[in-house]
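This briefing covers a predicted protein model. It takes up charged pairs, helix packing and confidence in turn.

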Amino acid sequence: MRCSLFVPADQPPGRRRTRAAISAESQAIAAEHAGFSTVWLADQWASAPPHLPLALSLARQLSGATDRIELGLILPLPPASLRRVLRDELAYLATLSAGRLRVALDLRGVSLDVHAAGLDLLDELVEPFGAREPSAKARRLLLLADETTTVIAGAAGFGLLLVPGDSHHARLLRLARYHDAREGRPGWVSRLLSIAVGADVPEALALTRRQPAALPLLSSGSELTVLGLPAQVAGQLVVAQITDGLDEVLCVLVPGGPGPEALLRPIELLGRQVLPSLQGPPPPRINLRQRNGRAAR
């Protein structure tokens, strides 16, 4: 299973935007050195703003500051007047980053017309993203999961990004429907999780008193944080990998203190003591179709 890092492109509305880009660049460089697969970026908005996401300009910056790590963008679909500009910008970023760009499109709760426009956009990105092979398409182009997009992602050959807010049963039901809709096509399942890792027992206990980052764009729900020492965090992630058939986990790190440097320590700790245990041969996946066949019907 691949481990990626989630980094907000800016502060949520109402908070001061102090050195957000500098912090994101430091985290991206640390994640690349630590062996993370992708740095995922997203604006912190509850709904699509009437302008292009700030994550696009941050991706430009990180494409020059990093060499190997992939750059992911979690995007709402902007107003119709900006969609061609967005498509051209994404194609340019794919070239600028030497083919390291990935996109997860948020089409949850939108109209059928917006759904269709979003799928058209993803189809137009297949060529500039070098995703003509079905396995590359599923890994590079994803949809955030809800009742509608789950089946669409499987049928169209896109990947699926699970975000907080679903119950365990609802998540497994969506996964069963996604895999049924794939009908043998390659798939890709990513999941966003809050991670709090401590180097020792006192540090892990202190993290229990801190709250995970608020993600208004991604979820209005809540979910338990993966919390503990490195071995405990690794064990919980392996369980999630087996249960959900995960190809990737997006880590939303709970900082151990104030300031951007507080996020660099858990990145290094995960890289040294957690990622190596997750990068071997994947464990056998649970057959979600058999396990949830009755519910899926």
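Arg 108 has a relative accessibility of 25%, so it counts as partly exposed, given that the class lies between the 20% and 50% limits. Its salt-bridge partner is Asp 106, with 2.8 Å between the closest N and O atoms. Asp 106 counts as buried because its relative accessibility is 9%, and buried means under 20%.

**Salt bridges**
- The model contains 15 salt bridges in total.
- Arg 2, Glu 70, Arg 139 and Arg 140 belong to one network, joined by salt bridges that share partners.
- Another salt bridge joins Arg 87 and Asp 88, whose closest N and O atoms are 3.6 Å apart.
- Asp 88 has a relative accessible area of 40%, so it is partly exposed, between the limits of 20% and 50%.

**Packing of helix 2 and helix 3**
- Helix 2 (residues 54-65) packs with helix 3 (residues 83-96) at an angle of about 10°, and their axes are 10 Å apart.
- The two helices are therefore roughly parallel, since angles under 35 degrees fall in that class.
- Helix 2 and helix 3 cross in a left-handed sense.
- On the helix 2 side, the contacting residues are Leu 56, Ala 59, Arg 60 and Ser 63.
- On the helix 3 side, they are Leu 86, Glu 89, Leu 90, Tyr 92, Leu 93 and Leu 96.

**Confidence**
- The mean pLDDT of the protein chain is 87, and 84% of the residues score at least 70.
- The pLDDT is below 50 over residues 288-297, a stretch that has 21 contacts in the model beyond near neighbours in sequence.
- It is also below 50 over residues 12-18, where the model has eight contacts beyond near neighbours in sequence.

Technical notes: Residues numbered from 1 in each chain as written. Predicted model: local features only at pLDDT ≥ 70, side-chain atom pairs only at ≥ 80, totals over all residues. Heavy atoms only, no water. pLDDT = per-residue confidence, 0-100. Contact = heavy atoms within 4.5 Å. Salt bridge = Lys/Arg side-chain N within 4 Å of Asp/Glu carboxyl O. Buried < 20%, exposed > 50% of the residue type's maximum accessible area, 1.4 Å probe, protein only. Axes fitted to C-alpha atoms, helices over the stretch in contact; angles between N-to-C directions. Helix = DSSP H or I, 4+ residues; strand = E, 2+ residues; numbered from the N terminus. Parallel < 35°, antiparallel > 145°, perpendicular 65-115°, else oblique. Left-handed = near helix turned anticlockwise from the far one by under 90°.
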